[in-house]
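Trainee: Could you take me through the charged pairs and the open space of this protein, one step at a time?

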Amino acid sequence: MHYFQFNIGDYRAATAHLSNDEDLAYRRLLDMYYDTEQKIPLDIQWVARRIRLDYATVQAVLLDMFEKHEDGWFHARCDEVIKQYKELSLIHISEPTRLLS
């Protein structure tokens with residue numbers, strides 16, 4: 001997924017309690033989620049290295065802003081946006097003129 005709508009007001013309301021480092025971690029985690037269209041891997045050390053932040057900060061954000069599932073760190077809003085994107089992509093592939101009307 002190369003694009004997602006970013007609602008500044010919703011983001012600000014959801015992240016007002018985060019430190020600057022936690023805010024950066026959250027943004028990078030959201031980018032990872034949208035870019036891969038998958039849950040964040042459970043290996044926090046690996047994730048922290050990929051988003052270039054320390055383990056403790058990444059762990060704190062994951063525990064606060066995501067849900068831990070057996071197969072990764074889940075974020076409901078990200079999954080909903082990805083689902084909508086995939087549905088729209090399927091419509092575009094199967095009925096390319098439908099989106100133009």
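Mentor: Let us begin with a pair in which Asp31 forms a salt bridge with Arg27, their closest N and O atoms being 3.5 Å apart; a salt bridge here is a side-chain nitrogen of Lys or Arg within 4 Å of a carboxyl oxygen of Asp or Glu. This is a predicted model, in which local features need pLDDT of at least 70 and side-chain atom pairs count only at pLDDT 80 or more, while totals for chains, interfaces and linings use all residues. Residues are numbered from 1 along each chain as its sequence is written, and side-chain values use heavy atoms, with hydrogens and water left out.

Trainee: In which helix do Asp31 and Arg27 both lie?

Mentor: Helices (H or I, at least four residues) and strands (E, at least two) are DSSP runs, numbered from the N terminus. Asp31 and Arg27 are 4 residues apart, about one turn of the helix, and both lie in helix H2.

Trainee: Is Asp31 buried, partly exposed or exposed?

Mentor: Buried means under 20% relative accessible area, exposed over 50%, and partly exposed in between (1.4 Å probe, protein chains only). Asp31 has a relative accessible area of 33%, so Asp31 is partly exposed.

Trainee: How many residues apart in sequence are the parts that Asp71 and Lys39 tie together?

Mentor: The side chains of Asp71 and Lys39 meet in a salt bridge (2.7 Å, N to O). Asp71 lies in the loop between strand S1 (67-69) and strand S2 (72-74), and Lys39 in the loop between H2 and helix H3 (44-50), so the parts they tie together are apart in sequence by 32 residues.

Trainee: Which helices hold Arg77 and Asp10?

Mentor: The side chains of these two residues, Arg77 and Asp10, meet in a salt bridge (3.1 Å, N to O). The pair links distant parts of the chain, 67 residues apart, with Arg77 in helix H5 and Asp10 in helix H1.

Trainee: How many residues line the largest pocket?

Mentor: On a 1 Å grid over the protein atoms alone, a pocket is an open set of points where a 1.4 Å probe fits, with protein on both sides within 12 Å along at least five of seven lines, and lining residues have an atom within 4 Å of a point. Gln5, Asn7, Asp10, Tyr34 and Arg77 lie nearest the centre of the largest pocket, whose lining residues number 14.
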